[in-house]
Amino acid sequence: MKFSILVPTTGTREFELDRLFDSLNNQEFSDFELVVVTQINHDMVSQLINSYPDLCVVHLKLEKMGLSYARNIGLKSCKGEWIVFSDDDAWYPADGLKLLNKYTSSGDYEIILTQIFDPIKNQLYKNYPDKAEVLKSKFNLMSKSSIEISIKRDKIKKDFDENFGLGAKYVCCEEVDFLINNFSKGNTLYIPSISVYHLKKDRGASEAQLFAKGALYSKQFNRFIACLIVIRDILKGRKNSRKIFWSGFKDYKKITEQSTVD
């Protein structure tokens, strides 16, 4: 099997899940399975899955919350050659998996990164580079979203850190941490093509997200790099983010210091 599409969900967005399943049911490329991991509302999701008998679905029912936890459990059940990470409020153009198949079939790369598009606003989800490139530095990964990621299953070196992601102490940055942990020079290809749809967010980063960003930089980078990020944000007029970022940076240091003591 070529792809496993991994979808964690709390089952609270029935319309969005139905839209996702419908888009997968209408893919031009059909060699894939759907691995759905529910944390609550199992029965509602089961009923929705049953309304798509042509989809190959694995449904895992958990009793513990946490996005990264759910993804890690889901990864153990994935049988596809490649893992495609999806959110329950994302959906796919008819040629989405066909596009991914084209770029994953070369055998030259272990991670493929694509673009997200909002078809309602008719806008790309973020400012993307215009040209395809093989990424050379983990700094190129800092603005990536989980639904842009496809990764070869047998090349995953580290799972998601369950300290990061919705339901955890640090509410985001789990996908960037995952990418960095599985990145090596030359193994990641970015392509300027749309593989997935998602509504574009209008709001900026919340305090909880800034706190998590500080924790990520504490884990993956040194204090000098973190200082450069703070200076950049100040120059961009984001002065209020500085204290929250540093509080997250220091908070994660406490975790590493405690684990050393233990």
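Predicted model: local features only at pLDDT ≥ 70, side-chain atom pairs only at ≥ 80, totals over all residues.
The protein chain contains 8 helices and 9 strands. Its radius of gyration is 18 Å, close to the 18 Å that the globule rule gives for 262 residues, so the chain is as compact as a globular protein of that length. Along the principal axes, the C-alpha atoms occupy a box of roughly 50 × 40 × 35 Å. Of the 262 residues, 51% count as buried. Among contacts with a separation of 6 or more, 79% are made by residues 24 or more positions apart.

In soluble globular proteins, nonpolar side chains tend to be buried together. In the present model, the largest nonpolar core comprises 71 residues, of which I5, F21, L24 and F85 touch the most other members. Strand β2, spanning residues 32-38, gives the most to this core, with 5 residues. When residues up to four places away in sequence are not counted, L24 touches I5, F32, L34, L55, Y92 and L97.

Strand β2 is also joined to strand β3 (residues 57-61) by 5 bridges, and the two strands run parallel. The loop between β2 and α2 holds N41, a residue other than glycine whose phi is positive, near 55 degrees. In helix α2 itself, the buried residues are H42, M44, V45, S46, L48 and I49. The elements covering these buried residues include β1 (3-9), α1 (14-25), β2 and β3.

Helix α4, formed by residues 96-104, has G96, L97, L99, L100 and T104 as buried residues. Viewed down the axis of α4, these buried residues fall within an arc of 155 degrees, so they line one face of the helix. One of them, L97, is among the residues touched by L24.

Strand β8 (residues 149-152) includes I151. With a relative accessibility of 1%, I151 is under the 20% limit and therefore counts as buried. Apart from neighbours within four places in sequence, I151 is in contact with E81, W82, I83, F85, E110, I111, I156, F178 and N182. F85, one of these partners, is also listed with I5, F21 and L24 as touching the most other members of the largest nonpolar core. The C-alpha atoms of I151 and L179 are 9.3 Å apart in space, although 28 residues separate the two in sequence.

A further residue with positive phi is C173, which is not a glycine and has a phi of about 75 degrees. C173 is located in the loop between β8 and α5 (174-182).

Note on methods
Residues numbered from 1 in each chain as written. Heavy atoms only, no water. Core = buried A, V, L, I, M, F, W, Y, C linked by side-chain atoms within 4.5 Å. Buried < 20%, exposed > 50% of the residue type's maximum accessible area, 1.4 Å probe, protein only. Helix = DSSP H or I, 4+ residues; strand = E, 2+ residues; numbered from the N terminus. Contact = heavy atoms within 4.5 Å. Pairing = 2+ DSSP bridges. Arc of directions from axis to C-beta. Rg over C-alpha atoms; globule rule 2.2 N^0.38 Å.
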